[in-house]
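The following exercises concern a predicted model. Please work through each task with the sequence and the structure at hand before reading its solution.

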Amino acid sequence: MAGFFIVILQSHIKEMNKKIQLQDLGNKDYKDTWDYQEALFKQIVDIKIQNRREESNLETPNYFLFVEHPHVYTLGKSGDMSNLLLSEKQLEAKGATFYKINRGGDITYHGPGQIVGYPIIDLENFFTDIHKYLRFLEEVIILTLAEYNIIGKRSEGETGVWLDVGTPFARKICAMGVRASRWVTMHGFALNVNANLGYFDNIIPCGIKGKAVTSMHVEMGKDVNEEEVKEKILKHFTILFECSLYKLTTAI
């Protein structure tokens, strides 16, 4: 009889889906991409709600989006508007847009020459620890940079990946900010590869005064193959998250 009850209970244990659908959106408007993220996020959350309500065991999908945005500044929900140093007219003159968004963190810049990655995944398929998730994202970038002989590190109390931590020359090379609800993530990381760093002069990056920003091409003294960097990011992501990736060629 006891065995019978074990079978019944196990039938409602959620299956872990470690397959991740990969899509490269190319150059895409920030707001359009944000809306797309929200749609994928809602799809996953709705399945989880249905599973709980109906005691079903539907598989939740996972997504990973690569994108490059036109010039844009975004401010996280806990950010300070004073960290944007441009007026609305000045933004327009620079061909940049601005959005207040629902991720963590303060203000950051996205633009050409930057690899932006948005994992929209159900952490219950992997592990339920948001701090571990952030540390894993940082480790993906640290390992990727190491392949280019760039020593990336974490800076205590500051999310993202930095160079020369603990020195007067500390500089940020990858910003991170995520949102998570019901263990589903969205937003992600922005790695400066061939980025125009002049656009960072218009903000106090991540709200941290007195710290510089850098890009891989500046550190290496030459332009960097962005497609190659993406491949390395995905390699380390699949190892750390113990997942498999397959490409999508059309929008969901």
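**Exercise 1.** Determine which residue takes a positive phi in the hairpin of strand 9 and strand 10, and how many residues lie between the strands.

*Solution.* Then turn to the pairing itself, where strand 9 and strand 10 (residues 184-192) are antiparallel and joined by eight bridges. Within this pairing, Arg 179 has Met 186 of strand 10 as its bridge partner.

**Exercise 2.** Identify the sense in which strand 9 pairs with strand 8 and with strand 11.

*Solution.* Take strand 8 (residues 158-163) to start: it runs antiparallel to strand 9, with three bridges between them. Here Val 161 is placed opposite Cys 174 of strand 9. Now consider strand 11 (residues 212-213), which forms two bridges with strand 9 in the parallel sense. Arg 171 is found opposite Ala 212 of strand 11.

**Exercise 3.** Explain why strand 9 is described as largely enclosed by the rest of the structure.

*Solution.* The criterion is a relative accessible area under 20%, which defines a buried residue. Strand 9 spans residues 171-181, and eight of its 11 residues are buried, so the strand is largely enclosed by the rest of the structure. For the protein as a whole, buried residues make up 49% of the 252 residues.

Note on methods
Residues are numbered from 1 along each chain as its sequence is written. This is a predicted model: local features need pLDDT of at least 70, side-chain atom pairs count only at pLDDT 80 or more; totals for chains, interfaces and linings use all residues. Side-chain values use heavy atoms; hydrogens and water are left out. Buried means under 20% relative accessible area, exposed over 50%, partly exposed in between (1.4 Å probe, protein chains only). Helices (H or I, at least four residues) and strands (E, at least two) are DSSP runs, numbered from the N terminus. Two strands pair if DSSP finds at least two bridges between them.
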